[in-house]
Amino acid sequence: MRRRRLRAALSTAALATAAMTAVPAAVSPAAAAPAPAVRPAAARDWSTAVVDSTMARYTPQTIGGWSYPVGLYLYGQYLVYRRTHDPRLLAYIKAYVDRFVSADGSIGQSFDSLDSMQAGRLLVILHHETGQDRYRKAAQKIRDRLNTYPRTSDGGFWHADTSSRAHQLWADGAYMVNPFLVEYGQEFHDGAYADGEAARQLYVYGHHLQVASGLLRHAYDESRSASWADPATGLAPEHWCRAVGWYAMATVNVLDAIPANQQYRPQLLGIFTTLASALEKYQDPASGRWFQVIDKGDRPDDWTETSCSSMFAYALDRGAQQGYLDGHFRSVARRGYQGVLARLSVGADGRTELSGISVGTNVGTYAYYAARPRAVNDFHGLGAFLIMNEQLREDGGMS
C-alpha cells in the first residue's frame, strides 16, 4: 500500500541506543506455566499490548530466521510504530534485519522462493527511515532476482524455483512479493516496472484461482502434475482461508499503490468485489470469523481461524474505506474484527495471548486443513492481527 511519510526519521545513534536499552530479554513461551485467561475489553490499545508482549518473549536475535511469518509480524509492528512513534519498535526491527544485511548491503539469501521475499518489505522500510544505502542494495537483490525468476506461460511467478513447486501459483505467493514490489517502486523510483508487474501478477493469479463462487482455490498447477491438481483445471481442491487472505490483502495493497489508469486495475477491482461478496456469504454468523476451509463451515470438524479472519477484516474495511467496495462491507469487517478480538486474552503475567491460529500449511485435502494444529501467538496470526487492528483503529472500528 502507499505508505505515508513519517514526520521525522530516527537517527542511527538513536536507533542503536534504543536497541541496547529497550529490547526486553527473551522468554520462551513454552517455559511459562499456563495462567488463567482474562478476556479483553475493547478500549485497550491491543496493538501495543501485542507488540510489548512479543518483544518480551523474543529479542531480535531469538525471534527467528529470515522468514515470511517473522517479516509479516515485524511489518505489523512497523505500522504500530508509525502511529505511536515509539523508538523501541523501529530499533527492534532494525536489529533483526541487521542480522542478515551486512554494512556493504550484501544479504545471504538466494531468493529462490516467493516466501523468502516477503521480509524484503523491511528493507524498504529501513531505507526510508534511516537513509542507509545498504538497505537499498539488499532490496535490489530481490528486484534483480525477479528478472530471472521462473514463470508460468502467462507470466505468473512460480511459488518457488524448485521441482516440487515448479509451474505452481499459490494464492499465498500473491502477498509474498507484490506488496514489496509496489513499495520498492515507490521508494526507489521504479514504479513503471514495479506497479505494472505487481498488478499483472495479481491478475494472472486471480484469473487462474478464482472460481464461480467468487472464492479462490489455494493453488494452481499449470503442468497438472502435482498430486493435488485437478487433471482438467490444475486447481487445488479447497478454499483454504489464509491463502485467500494473503491474496485479499495483497490486492488492497497494490490497488492503493498503482495509478488509476493502470492496465489491470479494472480486472483487479472485479476480482476483489466478487471475492468480497463471497466472503460476506461465508462469514460465520455466530462468531464473525471465517472458517479454515471457507465454504465448509457446516462440517463439524471445520473451525474458525484467526489469521485469515484478521486478513479479511482488514481487506474488507480498507476496500470499503478506499471505495473499492460498497460501504456496507465495513460492517462485515467489524463483525470479523470483533470475532478476532474474542480470541485475545491476557494471562496473569499481563502478556497477551492470541489463539486459534493455523500453523504453516501446504496445499492439501479438506481433511488435511481441518486437522492442522491450532497455535497460540503464531506469527501468522500476530502479524495479521496488527495489520487489521491498525486499519480498524484508523477507520473507527473501535467505536
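Guide: A charge is said to sit over a ring if NZ of Lys or CZ of Arg is within 6 Å of the ring centre and within 35 degrees of the ring normal. The model here is predicted, so local features need pLDDT of at least 70 and side-chain atom pairs count only at pLDDT 80 or more, while totals for chains, interfaces and linings use all residues. Residues are numbered from 1 along each chain as its sequence is written, and side-chain values use heavy atoms, with hydrogens and water left out.

Visitor: Over which ring does the charged end of R143 sit?

Guide: The charged end of R143 sits over the ring of Y193, 3.8 Å from its centre, and that of R121 lies over the ring of Y75, at 3.7 Å from the centre.

Visitor: How many aromatic pairs are there?

Guide: Rings of Phe, Tyr and Trp (its six-membered ring) pair if their centres lie within 6.5 Å, with planes under 30 degrees apart counted as stacked, over 60 as edge-to-face and the rest as tilted. By this rule there are 14 aromatic pairs. The rings of Y68 and W246 have centres 5.9 Å apart and planes at 75°, so this pair is edge-to-face. Ring pairs also link Y58, Y73 and F379 into a cluster.

Visitor: Is Q118 buried or exposed?

Guide: Buried means under 20% relative accessible area, exposed over 50%, and partly exposed in between (1.4 Å probe, protein chains only). Q118 counts as buried because its relative accessibility is 1%, and both Y68 and W246 are buried. With contact meaning heavy atoms within 4.5 Å, Q118 touches residues including Y68 and Y175, not counting residues up to four places away in sequence.
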